[in-house]
Amino acid sequence: MRKLSGFLAALTAAAVLTCSLPVHAASQASGDEEYFVSSKTSFSLDLPTDRVVRVACVGDSITQGSDNRLYPAYPSYLQDLLGDGFDVRNFGVSGATLMFSDNISNAYTRTDQYPLSLEFQPDVVIIMLGTNDSAAYAYKRFDEYFDSDYAALVDSYKSLDSHPYVIVATSPYVARPDSDTAVRVNTRIVSHQMKLFDSMDTIDGVVDIYSFSKDRYYLYNDGVHYTPMGYYTLAMEFYRCIFGMGLNTLTVNTTPGAVVEFDRQVTGANPYTYSAVADEDGKALCYGPDGSYNITIRADGYEKFTGSAEISGGDKSMDASLTPGDYNVALYRPVTASTELSELSPVTNVNDEDHNSNWSPTEADGNGQCWITVDLGDEKEIHGVRLQWDLAFGSDYKVQVSNDNENWTDAAVITGSSGGTIDEHYFDSVRGRYVKVTFTRKGTALGWNYSLYDLQVLSDDQRTVSQRELDAIAQAEQEQEQAQTPAGEKNSALPWIIADVVIAVIGAAAVILTAVKRKRS
């Protein structure tokens with residue numbers, strides 16, 4: 001049996017792998033089913049030490065890797081983390097559903113990868129399917145077939161001669177709040193998966209990827225698939241929860257809600273960046289093997305923190321206080337663009353604080369120029385921009401400022417940007433009321449439109465409140481005033497109608513009395 005209590009020790013050692021996953025707080029899901037945490041998030045595996053351990057990763061495009069493996073998918077990172085003592089294979093298929101009954105054409109069991117995963121004779125199978133079962137053609141069959149088809153898929157692996165451990169994962173959080181996929185996955189499918197997993201005797205463990213990924217928009221490139229940092233973070237969670245080998249924990253004490261990037265200093269093409277978020281006490285848990293790390297911390301309204309750490313031999317902690325600054329002065333401010341692809345992707349999406357709604361221009365081919373202009377409300381001192389891209393990013397663009405929205409001064413000219421979830425550029429401070437970003441070259445050869453989720457304009461000046469926020473404040477004050485009015489005094493149309501009638505009657509009586517009095521005199 002394989003000893004999995006540090007980096008791969010001598011293969012002659014023998015031990016039992018015991019994995020106790022932290023039970024994530026059961027965030028209540030709105031919708032059809034209450035969110036449920038399976039008792040099977042704590043489990044043990046006995047793995048051979050006299051040969052390479054075979055690991056099969058079964059899933060949809062989230063396993064396969066977005067855009068036909070344009071980015072390294074989580075199985076690639078998992079292989080790097082586990083090392084030569086393991087053979088990790090990616091059997092993911094884009095668009096695959098778990099359900100196969102009633103001739104569902106996109107069923108995983110009907111793909112070429114399914115029989116290959118069986119022939120592999122794995123020792124460990126990781127199944128992460130269910131997201132595509134939210135599609136209309138499959139979802140209408142959910143109640144009838146999901147449970148039985150899931151059990152059948154698990155049984156097909158359990159019956160192999162290799163007698164593998166089967167570990168199942170919940171569907172990841174879908175960070176597209178208004179989509180049918182998000183509603184069905186986040187509010188029903190995941191909760192149902194958890195209850196199903198708890199009732200299945202044939203599975204050996206559960207990894208709650210939904211709770212792990214929930215609301216971490218910075219892991220995604222399109223609200224469903226991941227960036228390289230997202231895939232590495234996902235691989236690390238599987239590595240930690242299933243294999244639990246050779247990991248150190250660095251506790252970073254910082255600002256609550258801050259995003260911490262824990263970048264492992266290694267050579268090679270693939271980035272090894274783990275991402276964590278600080279809890280309400282300001283603690284962010286970063287995991288990684290022995291080594292040197294660069295640390296970047298970002299939080300709204302604070303200057304970016306950069307530092308480094310050397311970790312080995314267990315748990316450590318560090319303090320990282322953030323300095324106020326880097327205010328996003330573009331938030332909710334009036335914004336215009338040269339073009340918009342459709343009403344579904346307006347330019348107002350780039351500064352609405354929703355990191356998963358995008359703007360896309362109409363240019364579909366070539367490097368056609370397009371621009372975005374933000375009215376900051378009054379003159380600000382600008383020293384940087386921060387963009388959150390989809391896969392289709394801009395490699396070349398310039399930032400300009402103006403006080404009249406006509407005469408422009410260059411603040412920065414960016415060339416060769418690599419895109420990514422966080423595309424950040426600082427420059428010498430320059431003052432202006434209007435900020436224009438003009439995109440001149442696409443960073444992808446795929447021929448897609450630019451697709452931008454978020455544009456922040458960074459300044460040390462406080463942000464000007466927008467009319468949208470003023471309206472919201474006024475509405476909140478009005479609602480509070482109404483709520484504090486005693487029940488008998490609440491505004492109602494009826495008392496005013498009665499009062500008007502009484503006044504009219506009294507007025508009429510006064511007129512009559514006056515006329516009578518004049519007649520008598």
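Analyst: Happy to! Helix 3 and helix 9 are oblique to each other, a word used for angles that are not under 35 degrees (roughly parallel), over 145 (roughly antiparallel) or 65 to 115 (roughly perpendicular). Helices here are DSSP runs of H or I with at least four residues, strands are runs of E with at least two, and both are numbered from the N terminus. Before going on, please note that this is a predicted model, in which local features need pLDDT of at least 70, side-chain atom pairs count only at pLDDT 80 or more, and totals for chains, interfaces and linings use all residues. Residues are numbered from 1 along each chain as its sequence is written, and side-chain values use heavy atoms, with hydrogens and water left out.

Two packed helices are described by the angle between their axes and the distance between the axes. For helix 3 (residues 74-82) and helix 9 (residues 228-243), the angle is about 55 degrees and the axes are 8 Å apart. Axes are lines fitted to C-alpha atoms, for helices over the stretch in contact, and angles run from 0 to 180 degrees between N-to-C directions. The crossing of helix 3 past helix 9 is right-handed, meaning that the near helix is turned clockwise from the far one by less than a right angle.

Two strands count as paired if DSSP finds at least two bridges between them.

With strand 5 (residues 124-128) it pairs in the parallel sense over 4 bridges, and Y165 in strand 6 is the bridge partner of V124. Strand 6 also pairs with strand 7 (residues 205-207), again in the parallel sense, over 3 bridges; here A169 stands opposite V207. Because 4 of the 5 residues of strand 6 (residues 165-169) are buried, this strand is largely enclosed by the rest of the structure. Buried means under 20% relative accessible area, exposed over 50%, and partly exposed in between, with a 1.4 Å probe and protein chains only.

One more buried residue is L118, with a relative accessible area of 19%; L118 is found in helix 4 (residues 113-119).
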